[in-house]
Amino acid sequence: MTMSFFKSGGIIFTFVFMISRIMENSLLSAEVKEGEILPPTIQKLMRGYNKYLRPFFDNGPVTVGMSLDIASIDTISEINMDYTATIFLRQRWTDERLCFDGNKSLSLDGRLVELLWVPDTFIVDSKKSFLHDITVENRLIRIFPNGTVLYALRITTTVACNMDLTKYPMDKQTCTLQLESWGYNINDVMFYWTRGNDSVSGIDSLRLAQYTVEDHYTSVSEAIYETGRYPKLIFHFELKRSILYFILETYVPSSLLVVLSWVSFWISQSSVPARICIGVTTVLTMTTLMMGARTSLPNANCFIKAIDVYLGICFSFIFGALIEYAVAHFCTLQHSGAQNTVMQCRHGVLDCDHDMNGTVRTISSESHHTKRSPSGSENKDEVQGCCGKSLSLLKGAAHLISCCRVENPHYIDNYSRISFPLSFVLVNLLYWTYYLYF
């Protein structure tokens, strides 16, 4: 039984080996059929080479050096929270099976990469990636005499970037580009940056639409999954948003709308259509501006952005100017009614003394009648006590109302001409100090 098991295992191994050799020979023969005869040096290297086995298969992990060249960062989307970049990814490793005599490197056609072992590197958090293939696949293979292999790719990828938009548009975002091995763990493959922080080039010369690159650095890490620990390289870059566009597009128009709403303070209170027109127009225009500013941002309720706070402040001041006229107009009507009553009393149109004295006499007579009536029970005393408390509360409320009464309603506009601008300047100082320095 044991002998039959070993025999069957040997047959399977022989079969797999023959299949791999047949596939290699078929690839080589395919190149020959196409008229592209491989040079003798390459044929010698490929003889007995198994691309399904990594270098140093039984002698520890193979070390792969990485370097990047950022060709462009095309788009940075706050709605999708990602960025799209075109990069040149270069990988270096040593394969002892590819050593040859000589002092010059061999630059091979990128299609010959199908004959070699290459690292299974992938981009973490990549949503969509593709390899450029115009006019041919943009891949480079270069083999050095000591067996070092240089493998370069031109890739365009869309990578997720978690953004904190609470200070938008005065925010700073830190995005990453992470390279990781898909199937080989740290016992098989080790990643490292070839030149440390200088391994990534081209990012300092980028010109982005809304951002400037403030800082960038590299780091080496490990990805821990259920299947093991895998090598990982991380490139960090910090982006600072340029605020000038938003100042001209949102902040200045909203501030001018607030100033425009103050024009009504210098218009006569009797000009009802003019003041109402200014108030309603500024409110509607501010609403349109707020809706337009939110169209280019993610509809996430968790983000209360700095621009939303400023637009809310401006809307509050504009709406407050409209409410101010409503209060001033109401006080004017009340004041005019009271003045007409006093004038009528002075000219004898109304018998104000008779009414007032009659009221007083009625109250006093009722009070005397109450004093003369015997307090027969405790319930009457309790009722009178509750009435006395209610009257005292009403008197206190009337006193407060009289304190808040405006003697001349035209003073409301005079106060508003000073209080509204000063309050707006103070709120702006607090707003810009907090979001720029905290």
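S72 stands opposite T86 in strand 2. Residues are numbered from 1 along each chain as its sequence is written, and side-chain values use heavy atoms, with hydrogens and water left out.

Helices (H or I, at least four residues) and strands (E, at least two) are DSSP runs, numbered from the N terminus; two strands pair if DSSP finds at least two bridges between them. Strand 1, residues 62-77, pairs with strand 2, residues 82-94, in the antiparallel sense over 11 bridges. Their hairpin has 4 residues between the strands, and M81 there takes a positive phi near 55°. Strand 2 also pairs with strand 7, residues 148-160, again antiparallel, over 13 bridges. Here A85 has T157 of strand 7 as its bridge partner.

Let us turn to helix 8. Which of its residues are buried, that is, under 20% relative accessible area with a 1.4 Å probe, protein chains only? They are I412, D413, S416, F420, F424, N428, Y431 and Y435. An α-helix has 3.6 residues a turn, so residues three or four places apart point the same way.

Finally, confidence: pLDDT is the predictor's confidence in each residue, from 0 to 100. The protein has a mean pLDDT of 82, and 74% of its residues reach 70 or more. Where pLDDT is low, the predicted coordinates should not be read in detail.

Note on methods:
Predicted model: local features only at pLDDT ≥ 70, side-chain atom pairs only at ≥ 80, totals over all residues. Buried < 20%, exposed > 50% of the residue type's maximum accessible area, 1.4 Å probe, protein only.
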